[in-house]
Amino acid sequence: MRAWVVRKPGPITAHPLELAELPDPTPGPSQVLIQVRACGVCRTDLHVAEGDLPVHKPDVVPGHQVVGTVVAAGEGCEKLSVGDRVGVAWLGHTCGTCDKCISGHENLCSSPLFTGWDIDGGYAEYMVAWEDFAYRLPEGYDDIHAAPLLCSGIIGYRALSRTHLSDTGVLGIYGFGASAHITAQIALARGARLHVMTRSPEARRLALELGAASAQGAYDPPPEPLDAAILFAPVGDLVPVALEALGRGGVLVIAGIHLSHVPSLNYERHLFYEKDLRSVTANTREDGQAFLQEAARFGIRVHSQLYPMAQADQALVDLAEDRVNGSAVLIADWS
């Protein structure tokens, strides 16, 4: 099969992704073989390709926002059948036996496997996944609009949950790409007031179109104190900026898997008055199922920019250089 692999991580402009011919994968027990129909392009893929995330599997196939069709099932599969349309997300497998898994916090599993980092992902014609970690997708979303829901949507949903924002609270979002534009719609649909801080003029326009009360530069103060904020941009310099924008008792959640260096904080300006700083580590399957149901109920719109799978390397370059407005999605076109 054809697939993109990360041979040697490095700057994305040096094209660390390499197009390769690999053996077709074979599903093991409780696994399914999936023919990939679409795969979202995530900033985490960029971190894997550039080496910001250390190599876990040499020559790994990136991609963890996968929509495809089950074409074969391994021994013991009971939930999925050939012909089923499924989605595969970042959390690819957990041990199921550690204290975190048992207590309902499987995203903090002591020995997890992540799609497109520990195990091969969706920048390929085929991939395998454990059937318990594949999602049935809601009606009303075609492949290209379903794919970004599987990471951009799910992780944003978990980040929003970690803010404990009331339905009528004031939310600030820093960075407004694939995940943020989906999360914003959930918050707005629940009744929140939204302010967006991002460097991209196109992203600011999209934020206002979706219903944000304001949109300004990444380092600009919002027009009112925030009850909560989510940092999607992988820029540590924005942590004190966002903390300072919080009102008393406010919560800042960092949604990314990678963040550049965070500068020192001033206790009085950034943390006093019981402000909280929280991180997000992956998601649970419960998060994924709850988000997909809420997305369908609210009719969340996904703004997708399409690329043929043969141009996956270019899609990552465009993402790195802020030329993607919304979500980049690879479709199964290898020509």
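1. Ground rules. The model is predicted, so local features need pLDDT of at least 70 and side-chain atom pairs pLDDT 80 or more, while totals for chains, interfaces and linings use all residues. Residues are numbered from 1 along each chain as its sequence is written, and side-chain values use heavy atoms, with hydrogens and water left out.

2. Largest pocket. Its volume is about 980 Å³. Lining residues number 44, and R43, G177, F232, A233 and P234 are the closest to the centre. Helix 1 (43–50), helix 4 (152–163), helix 5 (178–190), helix 6 (201–210) and helix 10 (312–320) each give two or more residues to this lining. By class, the lining has 26 nonpolar, 13 polar and 5 charged residues. On terms: a pocket is an open set of points on a 1 Å grid over the protein atoms alone, with protein on both sides within 12 Å along at least five of seven lines; a cavity is a set where a 1.4 Å probe fits but cannot get out; lining residues have an atom within 4 Å of a point. Points are joined across faces, edges and corners, and a volume is the space filled by probe spheres set on them. Ala, Val, Leu, Ile, Met, Phe, Trp, Tyr, Cys and Pro count as nonpolar, Asp, Glu, Lys and Arg as charged, and the others, Gly among them, as polar. Helices (H or I, at least four residues) and strands (E, at least two) are DSSP runs, numbered from the N terminus.

3. Second largest pocket. The volume here is about 240 Å³. Among the lining residues are K79, E131, D132, R136 and R285. Strand 9 (134–136) and helix 9 (285–298) each supply at least two lining residues. Helix 9 gives the largest share, 4 residues. The class count is 5 nonpolar, 2 polar and 5 charged.

4. Cavity. The whole structure holds 1 cavity of 30 Å³ or more. The largest cavity has a volume of about 40 Å³. V88, L91, G92, T115, I119, M127, V128, A129, W130 and F133 line it. The lining has 8 nonpolar, 2 polar and no charged residues.

5. Helix 4 against helix 9. The two pack at about 100°, with axes 9 Å apart. Axes are lines fitted to C-alpha atoms over the stretch in contact, and angles run from 0 to 180 degrees between N-to-C directions. Helix 4 is therefore roughly perpendicular (65 to 115 degrees) to helix 9. Helix 4 contributes G153, I154, Y157 and R158, and helix 9 contributes D287, G288, A290, F291 and E294. These residues divide into 4 nonpolar, 2 polar and 3 charged. Contact means heavy atoms within 4.5 Å.

6. Helix 5. This helix is largely enclosed by the rest of the structure, because 10 of its 13 residues are buried. Buried means under 20% relative accessible area (1.4 Å probe, protein chains only). Among the buried residues are H181, T183 and Q185. Just after helix 5, G191 takes a positive phi of about 115°.

7. G87. This glycine is in strand 5 (residues 85–88). G87 counts as buried because its relative accessibility is 0%. Leaving out residues up to four places away in sequence, G87 touches V66, F133, A134, Y135, L137 and L150.

Note on methods
Buried < 20%, exposed > 50% of the residue type's maximum accessible area, 1.4 Å probe, protein only. Parallel < 35°, antiparallel > 145°, perpendicular 65-115°, else oblique.
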